[in-house]
Amino acid sequence: MGHWHYVAILTACLVVTAPLEFIGAGVYRRPRRTLAAVTPVAILFLAWDVAATAHGIWSFDPRFLIGVTLPGGLPIEEVLFFLVIPLCGLLTYEAVTALAAYYRRTRGAA
């Protein structure tokens with residue numbers, strides 16, 4: 001897998017959580033709300049990564065990267081990480097919330 005390792009893991013995360021869109025209230029169907037949830041976290045942690053990388057505290061193994069580096073020294077995979085993982089978390093949260101509400105409704109009706 002080599003250079004595509006990081007991208008493959010992020011893709012797998014998206015593929016595994018994609019069906020949760022149909023269980024929950026809809027993350028992809030509400031892009032403004034999704035961006036409002038993901039953007040502040042991504043900005044904060046990307047700034048942290050830029051600072052940590054610049055000071056030599058944090059680094060990235062080039063064996064697992066495709067070689068595209070953005071201004072600030074971050075590989076594209078790291079930027080994608082801070083978009084993909086919160087998105088997967090939102091999908092999971094929405095699905096669990098919907099299933100819990102369904103369980104409460106059906107359990108209460110019995």
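Biologist: How many salt bridges does the count come to?
Modeller: This is a predicted model, and in it the count comes to three salt bridges.

Biologist: Which one involves Arg30?
Modeller: The side chain of Arg30 meets that of Glu94 in a salt bridge, at 3.6 Å from N to O. That pair links distant parts of the chain, since Arg30 sits in the loop between helix H1 (5-17) and H2 while Glu94 belongs to helix H3 (residues 76-109), and the two are 64 residues apart.

Biologist: Is Glu94 buried or exposed?
Modeller: Glu94 is buried, with a relative accessible area of 13%, whereas Arg30 counts as partly exposed at 26%.

Biologist: And what does Arg29 pair with?
Modeller: Arg29 forms a salt bridge with Glu21, and their closest N and O atoms are 2.9 Å apart; Arg29 is exposed, at 54% relative accessible area, while Glu21 is buried, at 7%.

Biologist: What about Asp61?
Modeller: Asp61 meets Arg63 in a salt bridge, 2.5 Å from N to O, with Asp61 partly exposed at 30% relative accessibility and Arg63 exposed at 54%.

Biologist: Where does Asp49 lie, and what does it touch?
Modeller: Asp49 lies in helix H2 (residues 31-54), and, leaving aside residues up to four places away in sequence, Asp49 touches Trp58, Phe60, Leu74, Glu78 and Phe82.

Definitions and conventions. Residues numbered from 1 in each chain as written. Predicted model: local features only at pLDDT ≥ 70, side-chain atom pairs only at ≥ 80, totals over all residues. Heavy atoms only, no water. Helix = DSSP H or I, 4+ residues; strand = E, 2+ residues; numbered from the N terminus. Contact = heavy atoms within 4.5 Å. Salt bridge = Lys/Arg side-chain N within 4 Å of Asp/Glu carboxyl O. Buried < 20%, exposed > 50% of the residue type's maximum accessible area, 1.4 Å probe, protein only.
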